[in-house]
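Here are my notes on the model, as numbered points. Please read them with the coordinates open.

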Amino acid sequence: MRHIFLVLILTISIAFSIQLPQAASKEKELQSVIIEVEGDPLEHKKYIKTYHPFVKVVETYDTLFKGLALQAQEKDLEKMESLEFIKNIHGVQTYEAISITEKNADQHAVLPSAINQTGYTGKGVKVGVIDTGIDYTHPDLKKNYQQGYDLVDLDEDPMETLPEEGLPTLHGTHVAGIIAADGELKGVAPNAEIYAYRALGPGGSGTSVQVIAAMERAVKDGVDVMNLSLGNTVNGPDYPTSIAVNRAIELGVAVVIANGNNGPNNWTVGSPATASKALSVGATSAPASIPFLYEPVTNKEIPLLPMIGSLPWGLEKYYPIVNAEDGKDMSGKIALLQRGKIPFYEKAKQAEMAGAIAVLIYNNQEGLFQGMVENENDPLTVPVAAITKKSGQWLIEQMKHGTKGVETIYKETPAGIADFSSRGPVTVNWDIKPDVLAPGTSILSTVPAGYKELQGTSMAAPHVAGAIALLKEAQPDWTVDQLFGALKTTAAHMETEEGESLDPIVQGAGEIRPAEAINTNTIIYNSLLAFGKADGGTTNKEKKLVIENMTNQPKTYSFDIPMKEKGISWNLPLSFTLQGGEKRKVPIKLTISTTQLEEGLHQGWLKLTEDEKTYQLPYLFVNKSADNPKAMGFEFSWKSFSKDMYMYRIYMAEPAKRVKIDLYDPDTLLFDRTILEMEELETGINEGQIRKSAVGKSGQYKALITVYLEDGSITTHETQLQIDEES
């Protein structure tokens with residue numbers, strides 16, 4: 001039995017969000033599932049072996065979560081649902097690798113090895129890659145590949161998804177190459193040992209439990225570093241994957257996570273990059289030439305996002321544009337199409353066959369999107385790019401009033417932060433994320449049967465994982481806290497062209513510099529100062545800054561006194577000296593007069609100096625309330641092995657009296673029905689079940705989530721929802 005799952009996609013993304021085709025299941029007689037259990041997994045394993053002899057227990061999990069991996073025929077697995085100790089059955093794919101894109105501008109390829117100016121190679125350091133698997137036969141990877149495991153098929157072959165198995169993948173291979181390629185291409189740490197764990201199956205999709213199970217397997221295999229270039233859209237610190245990440249770090253594994261590709265808006269970092277102990281990574285961008293459409297009469301500029309698998313957008317002159325939906329001649333013109341149910345490749349191929357010189361696809365909802373038109377068997381010969389719904393509708397309106405065409409102009413952009421890089425902070429605990437930055441655009445690395453330039457925070461994170469392998473080789477006795485602290489302490493503080501510091505929630509501590517980290521004289525352990533929320537009146541906050549002198553000589557430190565700011569008062573220590581090897585807690589006190597400040601996020605920088613060195617320490621607090629999302633990560637899917645029951649899950653950033661989810665026709669925006677109402681929701685995950693009869697007819701809908709907060713305010717959130725019949 002195969003279920004089509006509904007989803008408001010909660011991406012454990014490979015740093016992007018694209019419209020992925022349904023992942024194809026492998027046609028095998030045996031089905032594989034992972035179950036979460038209450039109580040002792042070992043006791044439950046004995047029970048299943050005794051009373052369900054046709055069900056094979058493949059793996060037992062008891063380190064990062066409690067569960068069992070099972071294999072059996074479908075009819076035998078269906079009997080599992082009645083067992084009282086089973087919390088959840090995870091056989092369905094609901095998480096995705098963080099999106100990646102091919103480069104969309106005129107940029108020179110960035111080589112992963114460029115960041116390694118240390119003289120170290122990561123020799124002897126074990127790096128676990130939790131991803132889509134890897135092509136371990138690649139000539140640049142086979143030397144360093146040690147072993148792995150497939151958490152999708154539950155076997156010891158973590159190969160990328162092959163075309164005959166469903167939508168093929170390449171993400172994990174690209175990530176592994178950035179970390180430790182050792183051949184024609186060199187990774188950051190070319191002598192590091194690669195351990196691969198396939199947690200994401202066809203199309204780069206998998207469950208949170210597959211990800212956690214892969215992490216547990218990696219911990220038991222003794223990896224030193226773990227890279228997760230994946231994530232979801234839940235901006236909260238206590239999602240299960242974030243909890244598992246924190247636990248792995250407590251066990252001594254350095255876990256590095258891509259921050260996500262949902263920028264440039266705030267509050268877009270998703271779990272597990274929201275984990276408080278993780279080293280979360282944003283992306284820097286190399287200098288580039290970015291294409292824009294330009295309509296000269298109105299002086300209008302429209303940003304383009306070339307699709308994955310598309311030729312570069314290289315148009316150099318004025319071209320006529322035509323709305324392809326009108327059935328007009330497209331020969332030698334730019335074809336404009338609306339995003340819909342037909343795959344992007346098919347839309348673009350039809351336009352190409354009709355003679356179009358290029359294809360624009362505008363969104364059917366707000367915002368920009370990243371699409372895929374890759375087809376190795378019959379690749380497109382014209383460029384294809386996405387534009388926003390607003391831009392598409394504007395072009396159509398202009399065409400009605402006589403506009404015949406558009407030019408393409410190119411803008412030079414300096415090195416900086418990639419627009420797609422997700423921003424913080426994190427809801428609930430208001431942590432500053434990302435922690436650090438690394439290169440994330442036009443990164444050349446390995447893919448099955450070759451090499452490719454891709455971009456995304458998925459590419460930035462393995463730069464950091466490789467850097468930690470270098471630090472681990474150079475400083476084998478350092479703890480995870482020291483490794484992370486050294487990278488953050490020595491990170492390059494990033495500024496605008498005008499010399500203004502970029503916000504803490506954009507850059508964290510700044511861009512990593514491995515050579516400086518290895519040789520640092522000082523480590524500041526908790527340099528990202530998150531003071532939380534000030535609820536009213538005069539609020540006093542305090543953080544303990546932990547500083548370690550790594551030399552054998554005394555060192556004296558002092559704070560620059562911040563400029564006086566209405567409503568904010570700092571109490572910082574006077575000059576202080578640490579003896580050689582001394583580690584000390586230094587109090588940082590902040591008084592907030594809430595009535596004298598605007599509500600919302602407040603962030604900035606404190607400066608700590610030591611001799612001629614200056615350390616920039618980011619700080620953040622929330623005054624009363626912020627514009628953060630209140631409800632996130634709505635999932636809606638068939639309950640495993642059930643023919644008449646759906647399961648739902650929603651994450652709340654704060655308690656709510658009531659949440660209502662209404663469905664609207666996506667084309668007419670007419671109200672259709674209320675599908676779900678929940679009352680008295682707590683912070684964190686809220687979940688339940690709903691019968692098929694109560695769900696109503698299948699189809700694609702726009703879902704409006706209305707949150708009624710305890711203070712009487714109301715917030716809303718829109719998302720897409722596809723309801724399909726069981727199949």
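1. Start with helix H8. This is a predicted model, and H8 covers residues 457–474. The helix has 18 residues and reaches 26 Å from its first C-alpha to its last. That is close to the 26 Å expected at 1.5 Å a residue. H8 is also mostly covered, with 16 of its 18 residues buried.

2. Next, the overall fold. The protein chain contains 12 helices and 42 strands. Along the principal axes, its C-alpha trace spans about 75 × 75 × 60 Å. Does the radius of gyration agree with a compact globule, or disagree? It agrees, because a compact globule of 727 residues would have a value near 27 Å and the protein chain has 26 Å.

3. Of the 727 residues, 58% count as buried. Take the contacts in the protein chain with a separation of 6 or more: residues 24 or more positions apart account for 75% of them.

4. Surface and charge. The chain carries 67 positive and 94 negative charges.

5. Two cis peptide bonds deserve a look. One runs from Gly-263 to Pro-264, with omega near 10 degrees. Pro-264 sits in the loop between strand S13 (254–258) and strand S14 (279–285). Another joins Gly-424 and Pro-425, where omega is about -5 degrees. Pro-425 belongs to the loop between strand S23 (416–417) and strand S24 (436–439).

6. Check the positive phi values too. Asp-611 is a residue other than glycine, yet its phi is near 55 degrees. Where is Asp-611 placed? Its place is the loop between strand S34 (600–610) and strand S35 (613–623). Asp-611 has 67% relative accessibility, so it counts as exposed, the cut-off being over 50%.

7. Glu-680 is not a glycine either, and its phi is positive at about 55 degrees. This residue lies in strand S39, which covers residues 671–681. Glu-680 counts as exposed because its relative accessibility is 55%.

8. Now Glu-542, in strand S29 (residues 538–549). Its relative accessible area is 39%, so Glu-542 is partly exposed. Which residues does Glu-542 contact, leaving aside its neighbours within four places in sequence? They are Phe-531, Pro-587, Ile-588 and Lys-589. Glu-542 and Ile-588 are 46 residues apart in sequence, and their C-alpha atoms are 5.6 Å apart in space.

9. Last, Leu-185. The residue lies in the loop between helix H3 (171–180) and strand S9 (193–198). Is Leu-185 buried or exposed? It is buried, because its relative accessible area is 7% and the limit is under 20%. Leaving aside neighbours within four places in sequence, Leu-185 is in contact with Leu-111, Pro-112, Asp-140, Leu-444, Ser-445, Thr-446 and Tyr-451. Leu-185 and Asn-299 are 114 residues apart in sequence. In space, the C-alpha to C-alpha distance between Leu-185 and Asn-299 is 44 Å.

Technical notes: Residues numbered from 1 in each chain as written. Predicted model: local features only at pLDDT ≥ 70, side-chain atom pairs only at ≥ 80, totals over all residues. Heavy atoms only, no water. Helix = DSSP H or I, 4+ residues; strand = E, 2+ residues; numbered from the N terminus. Expected span 1.5 Å × (residues − 1). Buried < 20%, exposed > 50% of the residue type's maximum accessible area, 1.4 Å probe, protein only. Rg over C-alpha atoms; globule rule 2.2 N^0.38 Å. Contact = heavy atoms within 4.5 Å. Lys, Arg positive; Asp, Glu negative; His and termini not counted. Charge placed at Lys NZ, Arg CZ, Asp CG, Glu CD.
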